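Colleague: Please put the model up first. I will ask my questions after that.

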Amino acid sequence: MQRREFLTKTLADKIPVKDPVLGLQNQKLPDHLDLGVASIAPFTGSWGRAEVIHLLRRTLFGFNKADVDFFAAMNMNDAVDYIMNTPVNPPLPPLNGYNTIQLSDPNINAGTTWVNGPDDNQFTSQRRNSLYSWWMQQILNPDRNIREKMNMFWHNHFSTEVENVGSPIIAYNHHKLLRDNCLGNFRSFIKSITTDPAMLVYLNGNVNTKTAPDENYARELMELFTLGKGADSQYTEDDVKNAAKVLTGWRINNSTYTSFFNATNHETSNKTFSSFFNSTIITGQSGANGALETDDLLDMIFSKSDVVARFIVRKLYRYFVYYVVDSNIETNIIIPLADDFKTNWDIKPVVTALLKSQHFFDANNMGCNIKNPIEVISTCSKAFNIQYPNSPVEDQYQAWYAMFTLGAYAGMTIGNPPNVSGWPAYYQTPQFTETWLNSDTLPKRIFITVALMAVGYEYKTGKKLQADVIAFAQQFTNPEDPTKLIQDTIDLLLPIDLSATSKTTLKQSTLLFGQTSDYYWTTAWNDYIAAPTDATKKGTVTTGLQLMLKYLLDLAENQLS
Amino acid sequence: MKRKDFLKKALPAAAVPFLINGISIKSMASTPMLEAIKRASLKNGRVFVLIQLSGGNDGLNTIIPVDQYSNLSAARSNILIQQSKVLALNGNSATGMHPSMTGLRGMYDSGKVSIIQSVGYPNPNFSHFRATDIWHSASDSNQYVGSGWGGRYLEDLYIGFPTGYPNTNDPDPLAISIGYSVSTALMGPSTSTGIAISNPTSFYQLVTGTVDPAPNTPAGHELTYVRLVLQQTQSYNDTVKAAALAATNKATYPTRNSLGDQLKIVANLIAGGLQTPIYTVNIGGFDTHSSQVSSAGSTETGNHADLWKKVSDAIAAFQSDCEQLGIADRVAGMTYSEFGRRIKSNASLGTDHGAAAPVIVFGKNVNPGIIGANPTIPSSVTVNDNVPMQYDFRQVYAAVLEDWFQASVSKTDSDLLFKHFDTLAIFKSTLAVKKAQNSSSIILMQNYPNPFKDYTNIEFVSPGGHVELRLFDNQGRMLKTLIDGNVSKGSYTEVLDGTNLPAGNYYYQLITATGQVGRHLVKL
């Protein structure tokens with residue numbers, strides 16, 4: 001039999017087709033799934049490793065055994081509180097890690113930051129790349145809090161593209177704004193976003209002027225940022241046009257990289273909105289008071305508090321739990337959380353309540369998210385403890401940049417979502433996170449992880465990012481026991497356990513080198529421990545571990561989170 | 001529709017006489033195999049390439065209504081292409097092309113381009129994402145359909161897909177999206193019919209593991225999906241790679257042109273022998289709210305000019321490649337965008353989201369020329385005014401399905417486009433199943449008086465049969481159907497009661513069995 005036929009046959013025969021229409025892919029949202037107990041009440045079940053790992057999968061960009069041990073020693077309440085407790089101080093800004101022998105920045109020394117300005121056209125792309133590297137540094141660092149996951153949520157929600165925003169300083173300031181507000185107050189966050197220079201550039205607010213208003217931001221403010229496009233959101237095209245008029249006049253000061261209100265560009269007539277907004281009239285104001293109309297507009301939008309709160313909570317739910325929201329979830333999870341959210345628009349209590357809920361920890365909600373491409377890379381990096389250089393700064397930034405490019409290769413270029421609505425995984429019904437996967441991206445995702453694990457990724461001539469598979473095995477107790485080693489590895493990497501038969505096959509074909517007795521691995525491991533500098537012995541255990549890990553990384557189960 | 005229901009529904013069709021090499025198979029029992037044989041003969045080797053222009057293309061600065069210049073310059077002087085720079089089209093003085101579109105102009109002049117004017121749908125949506133869904137699902141504006149028009153066509157053609165595919169008869173992918181994601185136009189009723197490819201000669205080889213049953217949980221649901229993608233990827237790897245290696249592109253493609261890179265792969269795979277009928281490619285950046293042109297004094301340069309240079313150069317290279325590779329007879333393609341842009345420009349050298357826009361179909365077998373009239377630009381244009389639709393986008397799809405792919409009209413009406421749409425005469429009549437239609441036999445007069453205060457008369461000549469007279473507002477919303485019924489051949493006058501209409505520009509449209517035509521009217 002040809003190899004390809006064999007593959008096709010084996011896989012096709014084994015794929016369980018429960019329902020030939022819905023079993024394979026969503027043509028509509030699946031309605032036959034048990035979505036678990038729909039209760040927002042705090043989780044009271046047992047706090048085992050499965051629950052710890054589920055929490056870490058959803059709130060961190062990866063973890064290793066030490067992280068699991070750390071949180072397993074707490075109770076659920078303390079663990080979630082710990083994760084929600086993000087650092088008070090923002091991360092230090094990105095640095096000049098881009099000097100080369102051919103071209104050095106004359107104004108910014110290597111290892112110092114460029115974000116305090118001014119922009120330098122000669123270094124625009126270097127500084128953008130520095131921003132991406134720095135961002136990957138935040139994602140890949142060993143911190144045990146939710147900040148980067150929340151930041152990614154808002155980056156997707158308030159989507160802008162660094163490559164389109166122009167100034168790297170303005171782009172950095174935007175991303176600092178996202179991090180600073182990621183668990184803050186949504187109402188004030190929206191105000192900051194509305195006058196944020198990056199957003200003004202990206203959605204043309206900076207050229208929105210009374211003579212012919214530009215509707216771009218006004219539309220997305222309602223459709224994508226606050227009200228959504230659901231059945232309960234009935235704003236009209238005229239509302240978009242009037243909102244655009246309200247927002248005329250915001251401009252950017254290109255020497256301070258801040259926004260200001262220019263009254264001469266502002267449309268001062270009264271703006272009348274539709275019955276959806278109770279026919280609100282925003283009274284036109286002249287002079288500096290014209291800027292106050294922006295607050296009136298946001299107040300008017302937030303007066304539709306149920307619509308705004310439910311839209312945001314639903315999006316948070318889909319990000320942290322699962323993309324299917326049925327009427328039961330809507331009634332018992334979304335609406336109660338939205339009712340709390342709309343009282344003061346604080347984000348942190350809502351996310352905390354969701355993460356502590358019975359529903360979140362229900363076994364049916366484990367493992368059902370498809371990892372985004374950054375998660376594919378970052379979970380691999382953290383599980384295998386890939387080491388990044390401590391110096392020089394150029395090497396550090398190149399190494400993080402390499403990880404950024406791997407994400408882009410698999411379909412997710414952070415800083416540059418496809419468009420203003422972010423990635424389809426977070427809005428494209430009915431497939432949502434399934435959209436990450438297709439015959440182009442799935443092989444790339446697998447290839448990346450296997451390459452990082454087995455051969456390494458050369459980010460600079462002679463310098464590699466690579467897993468230390470022996471250290472990976474050594475983090476577990478009794479790595480000489482192949483059955484236990486495989487189980488410990490599966491528990492850490494895969495959200496769905498394998499059958500006993502599969503584990504036996506895996507063990508025999510990898511750690512036991514085709515034999516049936518555990519003795520082969522135990523001996524190989526113990527021989528290596530006795531002589532860790534012996535290249536042959538080290539090579540033997542390395543090969544066995546790499547075979548085992550490749551087998552697991554190739555599995556469909558490894559795409560889930 | 002569930003597949004089981006669909007099969008039941010489709011079975012009676014197999015009893016209709018159907019000839020394969022002159023032999024009627026009517027007397028044979030209806031079986032899935034029979035259906036498969038019938039479908040196999042429908043796989044006629046033709047390929048259609050969907051070129052998506054993401055963001056909403058400004059149709060008025062693409063296919064330029066030269067006869068509307070004075071009104072256009074009142075509405076969009078800061079972005080309008082100087083009339084002297086518009087590319088003239090052979091045999092058509094009223095319409096021209098953006099100065100960047102030299103490649104497509106050359107194809108037009110040599111009879112390889114069909115332009116369909118003002119393509120849209122009633123009650124247009126101005127959200128990128130919803131409008132894209134409408135175009136890809138071929139639904140009405142207020143309908144939500146999860147599958148795509150291409151996917152429905154392919155799942156109908158390839159019985160039972162994906163179970164049992166690929167196989168000896170159908171070894172190739174049903175559809176290919178070049179790039180990182182599969183177009184939602186390719187979503188079939190049960191699964192996506194498309195695979196994504198960015199490099200056809202490089203694939204990753206998986207080890208074969210045993211596959212455990214998926215648990216009956218949401219995680220199991222997603223696991224099954226991942227496995228399907230894995231299986232398809234592995235299954236189609238070798239055929240795609242073999243096709244890519246079996247032929248070499250012959251034309252020179254433009255460099256630094258992402259669309260050219262994609263079309264180059266398409267030509268390579270077709271010439272290499274893949275029987276895949278539908279390819280999708282994509283180029284973004286058309287959401288030109290600002291800086292559509294570089295300056296009011298230099299409107300022929302800027303972002304929109306750069307984009308159309310890329311699109312036009314890429315298509316011209318692709319066409320040349322297809323001709324040199326000997327596949328041009330069976331390859332055609334079209335450009336489309338989720339909407340056009342507003343007639344009136346904004347102060348930021350750009351245009352906001354709009355409604356109808358031209359679709360460009362290309363290939364050796366298109367009926368060359370322009371279908372439909374130039375959009376008429378009112379003399380006084382407000383920020384609310386949009387280009388009204390002349391043709392429904394599903395009429396273009398109907399032509400692709402029925403005339404290019406030769407799907408049956410009944411199938412197209414019932415399952416592929418959900419209702420009947422008259423085809424447009426996009427493809428040469430020698431190809432077309434039905435006679436090409438044109439709108440010359442129907443006459444719609446300018447209403448009088450116009451502008452009007454309370455009442456106005458709309459006069460038309462019907463060739464007989466079903467007529468529909470519709471009124472749209474300036475944003476493309478269908479306000480009412482004035483006439484909807486059968487009439488005998490002759491001249492008719494309909495009185496429009498405009499007493500309740502707000503002042504402004506409106507559009508009325510007459511649809512008959514032989515075509516459709518529309519005009520503007522102005523309420524004072």
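**Helices, chains and loops**

Colleague: Is the crossing of helix 24 of chain A and helix 25 of chain A left-handed or right-handed?
Modeller: A crossing is left-handed if the near helix is turned anticlockwise from the far one by less than a right angle, and right-handed if clockwise. For helix 24 of chain A and helix 25 of chain A the crossing is left-handed.

Colleague: What kind of model is this?
Modeller: Residues are numbered from 1 along each chain as its sequence is written, while chains are lettered from A and ligands numbered from 1 in the order in which they are written. Local features need pLDDT of at least 70, side-chain atom pairs count only at pLDDT 80 or more, and totals for chains, interfaces and linings use all residues, since the model is predicted.

Colleague: Is helix 24 of chain A parallel or oblique to helix 25 of chain A?
Modeller: The axes (lines fitted to C-alpha atoms over the stretch in contact, with angles from 0 to 180 degrees between N-to-C directions) of helix 24 (residues 519-530) and helix 25 (residues 535-554) of chain A come within 8 Å and cross at roughly 135 degrees. Angles under 35 degrees count as roughly parallel, over 145 as roughly antiparallel, 65 to 115 as roughly perpendicular and the rest as oblique. Helix 24 of chain A is therefore, relative to helix 25 of chain A, oblique.

Colleague: How do helix 5 of chain A and helix 8 of chain A lie to each other, parallel or perpendicular?
Modeller: The axes of helix 5 of chain A and helix 8 (residues 168-181) of chain A are 9 Å apart, at an angle of about 15 degrees. Helix 5 of chain A passes helix 8 of chain A in a right-handed crossing. Their directions are therefore roughly parallel.

Colleague: Which residues of helix 8 of chain A meet helix 5 of chain A?
Modeller: Two residues are in contact if their C-beta atoms, placed from the backbone, lie within 7 Å. On helix 5 of chain A the partners are T124(A), R127(A), R128(A) and L131(A). On helix 8 of chain A they are P168(A), A171(A) and Y172(A).

Colleague: How many helices and strands are there in chain A?
Modeller: Helices (H or I, at least four residues) and strands (E, at least two) are DSSP runs, numbered from the N terminus. Counted in that way, chain A has 25 helices and 6 strands.

Colleague: Which helix of chain B gives the most to the side that touches chain A?
Modeller: In chain B, 66 residues are in contact with 72 residues of chain A. Helix 5 (128-137), strand 9 (194-197) and helix 7 (218-246) of chain B each supply at least two residues of that side. With 19 residues, the element of chain B that gives the most is helix 7.

Colleague: How far apart are the C-alpha centres of domain 1 of chain B and domain 2 of chain B?
Modeller: Chain B is divided into domain 1 (43-416) and domain 2 (443-523), with bounds from an automatic or database domain assignment. In contact are 14 residues of domain 1 of chain B and 11 residues of domain 2 of chain B. The distance between the C-alpha centres of these two domains is 32 Å.

Colleague: Where is P118(A)?
Modeller: The peptide bond from G117(A) to P118(A) is cis, with omega near -5 degrees. Most peptide bonds are trans. P118(A) lies in the loop between helix 4 (76-84) and helix 5 (124-140) of chain A.

Colleague: What is phi of N204(A)?
Modeller: N204(A) is in the loop between helix 10 (197-202) and helix 11 (216-226) of chain A. Its phi is a positive value in a residue other than glycine, near 65 degrees.
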